[in-house]
Amino acid sequence: MLYKENSFLKSITIFIVGIVISMILAYYVKKENDKQQHQEFEISSNDIRDKIENRLSAYVQFSRTSSSFFMSSDTVTRSDWNYFFEKSKISENLIGFQGLAYLAQVSRKQLSSFTKHISRELNDVYEVFPETKEVYYTPIIYIEPAEKNEKALGFNSSSNSNMRNAIEIARDSNKVTITDKVFLVQEVEAAPKPGIVIYAPVYNKNMLISTIEQRREAIKGWVAISLRMHDFMDGVMSDFDLGAKKYIGLKIFDNDSLSNNHLLYDSQLNIKNYDSNKYNLLIKTIQVNTKKWLLQFSEPKTPIINIGSVTVFLLGLVISLLLSLLMFSLFNTVSFGKSLAKKLTLDLSDKNIELKKTNQLLNESYSDLKKAKEKVEESEDKLKLIANNLVNGMLYQVVSIDENKRKYNYVSDAVYKFYGCTAEEVLNNPNLIYDRIHKDDIEEFKKNEIKSIKEQTIFKFKARVINPDGSIRWSYYVSRPRIINGLIHWDGIEIDITEQKKIENELLIAKESAEESNKLKTEFLNNMSHEIRTPMNGILGFSDLLNTPNLSNEKKQSFIGIIQSSAKQLLNVIDDILEISILETKQVKIVESKVCLNELLVNLFLVFDIKSKENKIPIYLKKGLTDKQSTIFVDKTKLVKVISNLIENALKFTSNGYIEIGYILNNKKIDIYIKDTGIGIDKEKHELIFERFSQAEVKLSKKVGGLGLGLSIVKENVELLGGKIRLESIKDKGSTFVVSIPYKPVFENKPNETNNQPIILIAEDEEVNYLYVETLIKDVLKLDYNVIHAKNGQEAVEMCRKYSAIELVLMDLKMPIMNGYEALKEIKKNRPDLTIVAQTAYSTTDVKNDVSSTGFDDFISKPINSDVFVKIIEIYLK
């Protein structure tokens with residue numbers, strides 16, 4: 001009875017402790033809920049603030065873009081403004097704005113004539129309102145969308161003090177400015193809602209605006225974006241429901257004051273019986289340019305008792321009650337168990353004595369068995385030691401149950417190294433080994449097994465085996481068949497011979513490579529013999545013919561020309577042999593000097609232009625830098641040799657199309673390229689083509705002559721210059737060789753040295769004509785202009801779209817792809833004021849009339865007279 005009373009007291013104590021713990025947990029749950037709610041409030045408030053700030057910044061940026069639209073042109077018509085508004089799609093992208101307007105600055109003297117001019121333009125009465133006496137007026141003359149904002153047309157923004165203040169700040173600071181709280185003139189509601197206006201200044205195009213005085217002198221007008229705050233916030237919060245965020249409220253105040261006089265927006269305006277004491281408040285700020293807004297966020301305070309804390313307390317109360325009942329039952333069960341255990345202990349003592357006697361007899365038997373087992377294990381360990389110490393080998397015994405079924409009786413531990421499985425796994429599943437033999441070798445493996453059984457000979461076979469990682473190794477199997485109880489047993493060894501096979505394959509490849517190299521060198525020597533004997537035959541043969549009596553002077557000159565040509569051909573062959581021999585010694589020294597890359601390429605162009613015209617393949621030259629920027633330290637001789645070889649190759653392998661030479665500055669590298677539209681080279685031969693005696697080079701040299709060392713010499717010379725050469729080519733579509741060498745400028749380059757310079761575009765398909773005109777501009781007139789080249793009308797149109805700095809176009813009338821007349825029409829669509837001067841070899845009166853009537857600004861006849869050209873340039877570039 002006393003024990004039961006103690007159990008009851010213990011259970012009551014547990015119940016009380018559980019209630020206390022439940023209360024503590026309920027308190028902490030309430031505290032965590034409050035903390036989590038505050039964090040969510042902070043995150044939601046930051047998210048809303050960022051949305052408002054981003055949208056306001058977008059409006060500010062768009063106002064600056066609109067201002068730039070006005071300043072980019074001398075005149076912007078009402079239709080231009082409407083076109084700009086529609087193309088900007090501001091109504092779709094920036095939902096919530098009221099109107100986009102342009103305000104002009106009009107003095108009191110100009111006001112009367114100004115209103116008459118706008119009235120004529122609108123074909124309707126235009127008035128500036130409200131009527132006030134001002135030094136200057138700022139009436140709205142353009143506003144979009146027009147129907148929605150018709151009431152605001154003619155409104156004098158300076159009549160409102162807040163608007164006037166923002167206008168003057170925008171004018172003096174050349175910054176986008178936002179007004180304080182205003183009510184828009186186009187409000188149509190009975191209870192107008194607050195709004196703001198964003199102003200961006202528009203200055204006259206060619207006037208200075210560095211100081212305040214200069215800006216006031218240069219001001220032409222303002223671009224204005226008007227916003228009703230509720231519409232603005234509807235657009236900002238279109239994908240953000242304030243109500244869904246646990247009743248978050250938002251008020252926006254202008255500047256630093258939280259008074260209702262500065263209240264711009266209140267999301268809780270329609271909430272009845274609003275009591276701020278029942279809400280948590282959070283203040284955030286927004287700063288855009290000079291304008292600052294205060295954002296006051298609010299959310300309802302959580303009640304003292306919430307569902308979470310009550311749930312935790314009730315759950316703890318139930319658990320405490322159940323636990324106290326359980327413990328009361330457990331204490332009673334323990335009492336009963338102790339009495340039962342006492343009785344059982346006496347019975348077990350008697351049984352324990354009998355078990356001790358039995359255990360003693362078993363120990364004696366176990367000792368004898370242990371000694372016998374140790375002897376067996378010692379023999380087995382010796383056998384395993386021998387089997388597992390085989391280098392690259394595995395011992396096994398396998399039984400052939402039938403033709404397709406086998407069973408392993410024994411396999412050494414090396415099986416794990418060979419097949420990635422344990423010996424025990426193989427004994428249970430022999431396919432772990434046999435399934436690894438390569439599918440192409442397994443049939444031959446079985447045939448050799450059958451042959452060995454029939455002849456009772458040793459089985460030997462080499463087969464491929466798939467490793468656990470998917471790779472393949474070679475194994476050599478050696479085993480002897482013997483019959484036991486009618487079944488065939490194979491006692492054998494498997495040896496890994498992968499390294500041996502690898503060495504054999506390498507020797508075979510080396511042998512084939514040596515034979516191929518020897519064959520190519522033989523072909524090279526035969527080719528060299530042919531290339532030497534052919535011109536020698538011409539020299540010796542025609543030298544003998546010169547001794548023929550009564551030979552005419554005409555034939556003598558012809559024979560001498562052939563002898564000279566053959567001598568040059570022989571000299572080229574000798575030069576290639578000497579060059580490759582010198583490069584082979586690795587003793588070539590680089591002699592760097594100051595080299596103007598532009599001048600070097602022009603000289604090479606003039607050398608090869610004659611031959612290209614004979615082949616009817618035009619060569620174009622593209623210069624990526626100015627003469628000063630392209631003056632670099634480099635070994636001129638080697639660079640000339642590299643580029644010459646590549647141009648010669650392009651001429652050899654191009655039968656139609658064109659060849660283009662040029663370069664670009666790529667980080668700290670000069671990438672010189674020679675591009676052609678010739679036969680092209682297969683992708684797999686792109687690397688081989690640069691190797692000496694390569695099959696690809698030998699085949700090409702057979703087609704067009706030469707020793708086949710040209711590209712090998714080019715590559716080694718490029719590497720001596722500290723550069724690299726690469727090939728970009730598609731079979732039958734042409735090739736581009738790119739030589740990349742270090743850029744070592746002689747003169748220090750200023751950043752963006754040419755970016756701000758005006759541009760003259762020469763549209764000319766004849767490279768020599770382009771070079772002549774460029775020389776007149778750069779060296780005769782010494783104009784500080786960038787000169788760029790378009791080799792057809794289509795390129796000219798694209799360049800005029802890309803480069804807004806082009807001030808003059810010299811347009812050849814007869815060009816491929818698109819002629820000068822067609823190019824003129826396309827360019828004038830986008831840039832009607834751009835000066836375009838025609839140049840052509842046809843100077844008849846009809847051609848001149850065509851040029852004038854089609855829209856060209858002037859005309860130059862070819863060949864171009866330098867004096868006439870200078871006069872044309874002076875007229876249009878001033």
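Two rings of Phe, Tyr or Trp, the last taken by its six-membered ring, are counted as a pair if their centres lie within 6.5 Å; planes over 60 degrees apart make the pair edge-to-face. The model is predicted, and by this rule it holds 23 aromatic pairs.

One of these pairs joins Phe-445 and Tyr-477, whose geometry is edge-to-face. Because Phe-445 belongs to helix H12 (residues 442-455) and Tyr-477 to strand E15 (residues 472-484), this pair ties together parts that are 32 residues apart in sequence. Both Phe-445 and Tyr-477 are buried.

Another edge-to-face pair is made by Phe-459 and Trp-490. Here the link runs from strand E14 (residues 459-466), which contains Phe-459, to strand E16 (residues 487-496), which contains Trp-490; the two residues are 31 apart, and the pair links distant parts of the chain. Phe-459 and Trp-490 are likewise buried.

The values for the two pairs are as follows.

| Pair | Centre to centre | Angle between planes |
|---|---|---|
| Phe-445 and Tyr-477 | 5.2 Å | 85° |
| Phe-459 and Trp-490 | 5.9 Å | 70° |

These four residues also belong to a cluster linked by ring pairs, together with Tyr-396, Tyr-408, Tyr-434 and Phe-461.

Charged side chains also meet aromatic rings. The charged end of Arg-473 sits over the ring of Tyr-419, at 4.9 Å from the ring centre. In the case of Tyr-620, the charged end over the ring is that of Lys-791, 5.3 Å from the centre.

Technical notes. Residues numbered from 1 in each chain as written. Predicted model: local features only at pLDDT ≥ 70, side-chain atom pairs only at ≥ 80, totals over all residues. Heavy atoms only, no water. Phe/Tyr/Trp six-rings, centres within 6.5 Å; stacked < 30°, edge-to-face > 60°. Helix = DSSP H or I, 4+ residues; strand = E, 2+ residues; numbered from the N terminus. Buried < 20%, exposed > 50% of the residue type's maximum accessible area, 1.4 Å probe, protein only. Lys NZ or Arg CZ within 6 Å of the ring centre and 35° of its normal.
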